[in-house]
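Colleague: I would like to learn how to read a protein model step by step, beginning with the whole chain and ending with single residues. Could we go through this one together?

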Amino acid sequence: MAWTRKHLLDLEELSAAEIVEILDTAASFKEVSGRSVKKVPALRGRVVVNLFFESSTRTSNSFALSAQRLSADTLSFTSSGSSVSKGETLIDTAKNIEAMGVDAFVIRHSAPGAPHLLARHTGCSVINAGDGCHEHPTQGLLDIFTIREHFKREKSEPEKALKGLTVSILGDIRHSRVARSNAHGLRKLGARVILAGPPTLVPAAIGQALGVEVSHDIDYVLKESDVFNCLRIQFERKAGRFFPGVREYAAIYGLNEERMKKAKPEAIIMHPGPINRGIEITPELADGTRSVILHQVENGMAVRMAVLYLCVGANN
Ligand code: CP
């Protein structure tokens with residue numbers, strides 16, 4: 001199919017075919033990252049602005065490098081030290097930067113819907129790099145890319161691309177934009193999705209809203225899953241109020257080597273990062289043979305190149 005979107009705001013609005021088009025485009029860009037000269041001219045003359053109002057290591061650097069590998073000019077804006085501290089609004093900030101002649105905003109913001117607001121109020125392409133507890137579409141896409149690649153599902157029909165695979169997303173689902181993007185994308189590609197963790201962090205209503213299963217029984221989840229995507233407990237969003245203490249959380253819901261003996265031998269472990277080592281996952285598992293965590297980061301480059309290429313370069 002021919003890509004027509006100027007923005008990537010969430011995975012909820014994408015069709016299975018659109019998700020697969022991004023994944024297939026990313027597969028072709030992955031080869032570029034393996035070259036000694038890691039650069040193609042696809043976005044030469046375009047300007048991509050990283051507009052980050054929340055902290056980031058992976059997403060901000062991955063987007064900046066991806067844009068540079070496509071030969072775009074890049075600008076990195078962080079709210080600290082900017083005129084936001086003098087009371088300037090998000091829209092005024094964006095419109096002023098747009099007036100400098102830029103083509104795309106990659107935005108991370110604590111407010112759900114902030115990217116959608118920029119898409120309405122500016123003429124630039126807008127890519128959501130995480131908006132509050134709503135969505136983190138490129139993280140969802142790179143997770144799905146990693147699963148599809150690992151289980152060699154590249155050639156399937158879009159709606160059946162991940163059929164037969166069970167993906168469990170474990171941990172702080174309540175506060176997780178990563179869980180929401182994964183659930184939307186995985187379900188559209190035919191995977192079975194289980195949201196798992198303590199009832200306080202995985203309320204049944206979230207599963208109902210996303211159309212996926214919920215389980216609070218870790219032994220059941222261990223038996224069923226081909227993929228464990230462990231999520232960080234978001235202490236900065238006060239997630240620590242939802243369970244008695246980190247030691248109890250690790251003992252009852254954390255992934256460790258003993259617990260993983262009950263899992264399928266071929267099951268893999270993912271984590272979007274940053275990791276609370278020893279809480280949602282032990283260091284041994286995070287660095288162990290089942291872990292594909294650094295492959296996720298590597299694949300994030302190809303996925304973000306694909307998203308920038310399609311939204312900023314291909315038709316716009
Ligand atoms: N996975 C992720 O979004 O990491 P950062 O917060 O470091 O960007």
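Colleague: How many helices and strands are there in the chain?

Modeller: This is a predicted model, and in it the chain holds twelve helices and nine strands. The radius of gyration is 19 Å, close to the 20 Å that the globule rule gives for 316 residues, so the chain is as compact as a globular protein of that length. Taken along the principal axes, the box filled by the C-alpha atoms is roughly 55 × 45 × 35 Å.

Colleague: What share of the residues in the chain is buried?

Modeller: A residue is called buried when its relative accessible area is under 20%, and by that cut-off buried residues make up 57% of the 316 in the chain. The chain exposes about 13100 Å², of which carbon and sulfur atoms supply 52%. As for contacts with a separation of 6 or more, 73% of them are accounted for by residues 24 or more positions apart.

Colleague: Where do the centres of the positive and negative side chains lie?

Modeller: The chain has 39 positive and 35 negative side chains, and the centres of these two sets lie 1 Å apart.

Colleague: Which domains does the assignment give for the chain?

Modeller: The assignment gives domain 1, made of residues 16–136 together with 297–313, and domain 2, made of residues 137–294. The C-alpha centres of domain 1 and domain 2 lie 25 Å apart, while 31 residues of domain 1 are in contact with 30 residues of domain 2.

Colleague: Now to single residues. Is Ile22 buried or exposed?

Modeller: Ile22, which lies in helix α1 (residues 16–33), is buried, with a relative accessible area of 1%. Leaving aside the neighbours within four places in sequence, Ile22 is in contact with Trp3, Leu14, Leu141, Ala306, Val307 and Leu310. Arg277, by comparison, is 255 residues from Ile22 in sequence and 32 Å from Ile22 in space, C-alpha to C-alpha.

Colleague: With which residues is Thr166 in contact, leaving aside its neighbours within four places in sequence?

Modeller: Thr166 has its place in strand β5 and is buried, with a relative accessible area of 7%. With those neighbours left aside, the residues in contact with Thr166 are Arg192, Ile194, Glu224, Ser225, Asp226 and Val227.

Colleague: Where are Ser71 and Lys152 found?

Modeller: Ser71 is in the loop between α2 (58–69) and β2 (73–78), and with a relative accessible area of 18% Ser71 is buried. Lys152 is in the loop between α5 (137–150) and β5 (166–170), but Lys152 is exposed, with a relative accessible area of 67%.

Colleague: Is the peptide bond from Gly273 to Pro274 cis or trans?

Modeller: The peptide bond from Gly273 to Pro274 is cis, with omega near -10°, and Pro274 is found in the loop between β9 (268–270) and α11 (283–286).

Methods:
Residues numbered from 1 in each chain as written. Predicted model: local features only at pLDDT ≥ 70, side-chain atom pairs only at ≥ 80, totals over all residues. Heavy atoms only, no water. Helix = DSSP H or I, 4+ residues; strand = E, 2+ residues; numbered from the N terminus. Rg over C-alpha atoms; globule rule 2.2 N^0.38 Å. Buried < 20%, exposed > 50% of the residue type's maximum accessible area, 1.4 Å probe, protein only. Contact = heavy atoms within 4.5 Å. Areas by Shrake-Rupley, 256 points an atom, 1.4 Å probe, with all protein chains shown as cover. Lys, Arg positive; Asp, Glu negative; His and termini not counted. Charge placed at Lys NZ, Arg CZ, Asp CG, Glu CD. Domains from an automatic or database assignment.
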